[in-house]
Amino acid sequence: MKDHRPDPDDLLKVAKDESHRSKRGQLKIFFGACAGVGKTFAMLQAARQLHAEGVAVGIGIVETHGRKDTQELTEGLPVLPRKTMSGNGRSTTEFDLDGALVSGYKLLVVDELAHSNVTGSRHTKRWQDVEELLDAGVDVYTAVNVQHLDSLNDIVGGIIGVRVRETVPDRIFDAATDVVLVDLPPDDLLARMNAGKVYLPVSVERARQNFFRRGNLIALRELALRRVADRVNSDVRSYRVSHAIKTVWPTQELLMVCVSADRSQDRLVREGARLAQRLQAKWIVVHVDQPFQGDDPRARETLLNIAASAQAAGAEFANVPGQDVAETLMDYARKRNATKLIIGNSARRRFMPYRPRLQERIARANPEMGLILLGVDEVRPTIKRNVADEPVGYGRTLAIATLACGVTTALAASLIRVFDLSNVVMLFLMTVVFVAMRLGRFAGAWAALLCVACFDFFFVEPRLSFAVTDTQYIFTFALMLVVALVISQLAARMRSEARVARAGERRASALARVARDLSSAIKLEQVISVCRDAITPLFGATVLLLIPDEKERLVPTQDAALIDLSVAQWAFDHAQEAGLGTQTLNAADALYLPLKASMATRGVLAILPTDAPLSNNPDDRRLLDACCSSIALALERIHFVEVAQDTLVRMEGEKLRNALLSAVSHDLKTPLTAIRGLAETLESTKDLPEEDRSDLARSIRVQADELKRLVSNLLDLARMQSEGVRLNKEWHSLSEIVGSALAQSAPLLKPRTIRTNLAADLPLVEVDATLIERVLINLFDNAAKYTPTTSTIAVRGGASGDSMYLVVEDDGPGLPAADPQVLFEPFTRGRKESSIAGVGLGLALCRSIVTAHGGTIRAEMRKPHGAAFEIRLPLGTPPEIESEIVNDQVKSADR
């Protein structure tokens, strides 16, 4: 009894898709061949109808392009305000996604699905905005032209001569709840355009000479019709799967060529290609892989050639496992919804002529399916056989089977004294099962014949003779032989199926291991390691990876001497396999496979055989192709990670550049303006008193010093970041460095109170005195800028453990509430809206200098108010001579 229940896996997939769709909004696409066919008009009419039925409908964004009839359809429908965005130096309006999400409308009309949003929007494409609306449960009506579909973009570009940049992924089109084809004949469309209903009159003539040529419109219309037909066919297939419909619905022509592993089947492939071309239909070539037929190397080689011929002719090749050829072909034809089967009609076999032919069984089981029979003559193998082509140990297996029968006969001779003759027969049957399981069907058949002969010769009266005195033994021998042969065939089939299952499990586990290792690879070196450690032992060959450089020239990642770069470059440029075992440049020593990802070819995988030639097993080749796909995806992921990192670096650079320009443009201009104003005052006022003239000169000097400090910080920070900090370390007294810094900063710190508290026993410290002095001057300058004139600035220092600390603190307003350590980043200021001059480089420069000395600098709040900056420098071991000099200085001071 046939099981007509649906496939559980197919039902589970359909159920998951329906569950996913039930949680999202519904997408309805109005699809057309080009602009002007009436997509927006039809979309607005449908929206108005729902609005009249009480559905909450709103217009998210609709481009009317000045068409009066389209504009009239928007009247009466609520329109969401657009969002004003700045991009490319001008302001523009865009669809307000946030406003749409909180609008509360059940249905939104969002025109031009392929539109690219302005820079700064949440998403770069409008279809991404639509996806977010659908995820939020909002239904969407939208419109798109055929040239905007990603899969047809290059085809349309070849037709109209212009490549459209704005595209929509095909998965959006395929996942839509409904697609409405808005069609208009080319002549009617041209008439509408001449009437000014498509473009403004000034653009009509240019459109007719370029895009809107009649030939272009005819081709685009055919593409649109075919794309919608493909989608409808996919919907039909899903419906048949979900409702367990086994009969074929011939909604779209699909040819299925059924082949066997015989050289005569090439004619079927050629006829299938011609018929598919004539019918403009898709076609597939199917072979039923019976487990017990997998031992013949000639059959495997023939099948591989048939698969290559089919794929070269544009067909899909499927090697479907199955026991019964007719049942397997019919099940696969129903699953793929094939409309016609092409089968070879060979002569009826001389053995079992009563058995129905394959085509007869298919015709009786599926009368609704078209069946095309082509006469083919099976190519018989020649009598002369090449020993190298035989299975390994072919003669040895027969010898082992003969030996096993001999051992069984000897064992039966000793047991015949204890057991009855009918029980001894079981021992021979067990031998047949053992031989068939271990050595194959041919050895099993030989063991069955040999066991029956031994049983007759040695144990049936008269013994040591094949003569039979009792005729009932003839029936016993015949039955025993049949049972032994059946058991041997079943055991051999079980052995073959087990071998196929083990091979499948090996390939699946190997592919899973490779995919797991590649999924975590984020660097090229990791991919190379996977190729070397996982893929190389899998195929018993040397696997090398070639990666393109910036000029799209391949570069070997290892062992360049083993690779023919010209063949590899051809495979990369043409995205086709080349080299050993192919029809292109097959004199090469290696097989070169392009690593094709979704966006581009990411490299080439070179397979160099080592001890044995490359396997021509179709299953091994599929495993190799799967590994290539996994490597290509990993390389593409690494590429996009590098692109993202470069983008982040550019963004940070742009951010720093903008911050620098913003800060410098103000802080350079301020002292320059003051200097210019004071100089003009000196120049224009002839009788200026000497005291005022001195004040003006002093002010000019102060502004010049401020400008010098700003430029010095900029130049020093740039030099340190590009070349590193160059230190001129010597042993110095910390009190001397502090005193020098305070002396230079005295004009800035007046009239604030300055207090110092440095330990008297501070040891010498090995530093670059000039740079540490620069750090202190920047800290004093920072304190002077952000504290009132009545504040107190304290400097204290000492030694603690293996480091020396120096603290500059004040009792001013303190630091901002955010993390104080952020202040040490370049172009970061405590108060962004502050009118105090500065670009935020002083503290960044301090951290660079202190870090170069092996120390640390940090900022913290003081209680109840104020700020403190602590510097810690490592203590070293001063030279002995310097210690003596210090002691002499102390003694002199005591005297």
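**Overall architecture and selected local features**

The protein has 27 helices and 24 strands, described here from a predicted model. Of its 895 residues, 38% count as buried. Among the contacts between residues at least 6 apart in sequence, 68% join residues at least 24 apart.

The mean pLDDT of the protein is 77, and 79% of the residues reach 70 or more. Among the elements, strand S5 (residues 107–110) has the highest mean pLDDT, at 93, whereas helix H27 (residues 880–894) has the lowest, at 48. Where pLDDT is low, the predicted coordinates should not be read in detail.

Helix packing is illustrated by one pair. Two packed helices are described by the angle between their axes and the distance between the axes. Helix H13 (residues 325–336) packs with helix H14 (residues 358–365) at an angle of about 45 degrees, and the two axes lie 9 Å apart. This angle makes H13 oblique to H14, and the crossing of the two helices is right-handed. On the side of H13, the contact is made by Val325, Ala326, Glu327, Leu329 and Met330, while H14 contributes Leu358, Arg361, Ile362 and Ala365.

A further helix, H20 (residues 565–574), was examined for its buried residues, which are Val567, Ala568, Gln569, Ala571 and Phe572. The cover over these buried residues of H20 includes several strands, namely S13 (541–548), S14 (554–556), S15 (578–579), S16 (591–596) and S17 (601–609). Just after H20, Ala575 takes a positive phi of about 55 degrees.

The cysteines were considered last. A disulfide is a covalent bond between the sulfur atoms of two cysteines. With a cut-off of 2.5 Å between cysteine sulfur atoms, the count comes to 0 disulfides. Cys531 is accordingly in no disulfide, and the nearest cysteine sulfur, that of Cys628, is 8.7 Å away. Because its relative accessibility is 1%, Cys531 counts as buried; Cys34 is also buried, with a relative accessible area of 2%.

Terms used. Residues numbered from 1 in each chain as written. Predicted model: local features only at pLDDT ≥ 70, side-chain atom pairs only at ≥ 80, totals over all residues. Heavy atoms only, no water. Buried < 20%, exposed > 50% of the residue type's maximum accessible area, 1.4 Å probe, protein only. Helix = DSSP H or I, 4+ residues; strand = E, 2+ residues; numbered from the N terminus. Contact = heavy atoms within 4.5 Å. pLDDT = per-residue confidence, 0-100. Axes fitted to C-alpha atoms, helices over the stretch in contact; angles between N-to-C directions. Parallel < 35°, antiparallel > 145°, perpendicular 65-115°, else oblique. Left-handed = near helix turned anticlockwise from the far one by under 90°.
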